[in-house]
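Look over the model before reading on.

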2 protein chains.
Amino acid sequence: MQKYSPKFIKSLSDKKNRKASGVFVVEGTKNILEVVESDYVIKQIFCTKEMYNSSERLLGKKKSIVTYLEAGEIKNMSSFEFNNTGIAIVEQKENKPFEFKKGEIIIALDEIRDPGNLGTIIRIADWYGIKKILCSPSSVDLYNPKVIAASMGSFCRVEIFYTELEKSFENYKHPIIGTFLKGENVHKYSFPKEGILLIGNESNGVSEYLEKFITQKITIPRFGKAESLNAGIATAVILDNWRRN
Amino acid sequence: MQKYSPKFIKSLSDKKNRKASGVFVVEGTKNILEVVESDYVIKQIFCTKEMYNSSERLLGKKKSIVTYLEAGEIKNMSSFEFNNTGIAIVEQKENKPFEFKKGEIIIALDEIRDPGNLGTIIRIADWYGIKKILCSPSSVDLYNPKVIAASMGSFCRVEIFYTELEKSFENYKHPIIGTFLKGENVHKYSFPKEGILLIGNESNGVSEYLEKFITQKITIPRFGKAESLNAGIATAVILDNWRRN
């Protein structure tokens, strides 16, 4: 019943092959159990007998698309050194047009490039109850295996929209908040009920063409000498300050 | 004048070769400029003429140990795909015995395994003005190239001590704070002036044998459904709450 060859599965680490096939890989026990409970359409699950047995309550519902493999065989198909439990082949969702809803806090990512950072930000968003992330079109692909792995299953609960940020911002009526070296201290700023948190690119910060949309510059106060915090860390600290309000 | 061969430099990604030679590699412009300004002893700097010229104010002081190479040659010796500017060979510091000083906030890491996590935590510590990190002996090695790279130069300002945590904790008189699912909300907890923040291992949390030393359990409040936050993110959010007090 094996529909997908190890070679094909390995090829899905490349964006153009994901685009051509419309599927992506979800790796490791935690991520697979999350995707089984989500509304993603799963095409096939490769896993060890041990993984199936230990999670039969969830995996049992998908028995018809489960193929047992040995740990070594899983490892050979995997993009990750440490995955020897399972790989699922899952249909990508279409990029839907984005709409604002009342009362939402939204994250916007301006050209985020590192897959680990995007995955981590998805996980952080899910922790802080943020349901939507806007990514500029040139940001790293959600279906990159490293994004999916780093999200630890949270990609199933947070919607990602690839969209021209300036178009989404143009008619937005609520605060658009960006991090800068000289902005209002997040420990003192009174965050709004709804708004957008704009996070800049890892190397270059927020693009110039987006700066004019920012209605509030904020700063995470520094007590030592590091030059900056990474994008994921900054997102978490700001959301923690936002949510405590 | 080239004392170190590309083969030797590559071999330093392996802990046993670092241990045998007593040196480690510092890669990329930012990290090299930081180490030049620190009290680390640098044995040799390989860099492009362009990197040297653009940072002559700092690198000029080390001219006698600079060897120019082409970008492609740097790339060939590097552990990282994107480093084509420079590599420094630096003497490791000895692991000094640890002593507490009055008024300090200290981070203790219980078996942290991921080099990116340790490097990120060093950078966060440096942002929040924390000067000492205790690591249990089986934690990942500070001189792993991925730790150094992720620390973005902050390894020059934060001291790392490998030590049996229980011995350091035994006679400690101030609060030892640990993150748990059911602890006091960090948004409400009144952090002490001095104390230790104990961060558990990525998969297993805080070891059982260390739990008895914890005087305060704390929790980062969750507003969504992610199961956890990673060690670096949790450290940053807690320190941000600690420092705002």
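A crossing of two helices is right-handed if the near helix is turned clockwise from the far one by less than a right angle, and left-handed if anticlockwise. The model discussed here is predicted.

Q: Which hand does the crossing of α11(A) and α11(B) have?
A: The two helices, residues 231-244 in chain A and residues 231-244 in chain B, pack with their axes 9 Å apart. By the clockwise criterion, the crossing of α11(A) and α11(B) is right-handed.

Q: What is the orientation of α11(A) and α11(B) to each other?
A: Their packing angle is about 50°. Angles of 65 to 115 degrees count as roughly perpendicular, and those under 35 as roughly parallel. The two helices are therefore oblique.

Q: How do the residues of the contact of α11(A) with α11(B) divide into nonpolar, polar and charged?
A: From α11(A) come A:G232, A:I233, A:A236, A:V237, A:D240, A:N241 and A:R244. From α11(B) come B:G232, B:I233, B:A236, B:V237, B:D240, B:N241 and B:R244. Gly counts as polar. The division is six nonpolar, four polar and four charged.

Q: Which are the edge strands of the six-strand open sheet in chain A?
A: The order is β7-β6-β5-β9-β8-β10, with parallel pairing. An edge strand pairs on one side only. In chain A these are β7 (159-162) and β10 (216-219).

Q: Which residue stands opposite A:E184 in β10(A)?
A: Strand β8 (residues 176-185) of chain A runs parallel to β10(A), joined by five bridges. Opposite A:E184 stands A:I218.

Q: What angle does the direction of α11(A) make with that of β9(A)?
A: α11(A) packs on the sheet and touches β5 (105-109), β8, β9 (195-199) and β10 of chain A. Its direction makes with that of β9(A) an angle of about 160°.

Q: Why is one side of β1 and of β3 of chain A left without a neighbour in the sheet?
A: The four strands run in the order β1-β4-β2-β3, with mixed pairing. β1 (23-27) and β3 (66-68) stand at the edges, so each has a single partner strand.

Technical notes: Residues numbered from 1 in each chain as written. Chains lettered and ligands numbered in written order. Predicted model: local features only at pLDDT ≥ 70, side-chain atom pairs only at ≥ 80, totals over all residues. Heavy atoms only, no water. Axes fitted to C-alpha atoms, helices over the stretch in contact; angles between N-to-C directions. Parallel < 35°, antiparallel > 145°, perpendicular 65-115°, else oblique. Contact = heavy atoms within 4.5 Å. Pairing = 2+ DSSP bridges.
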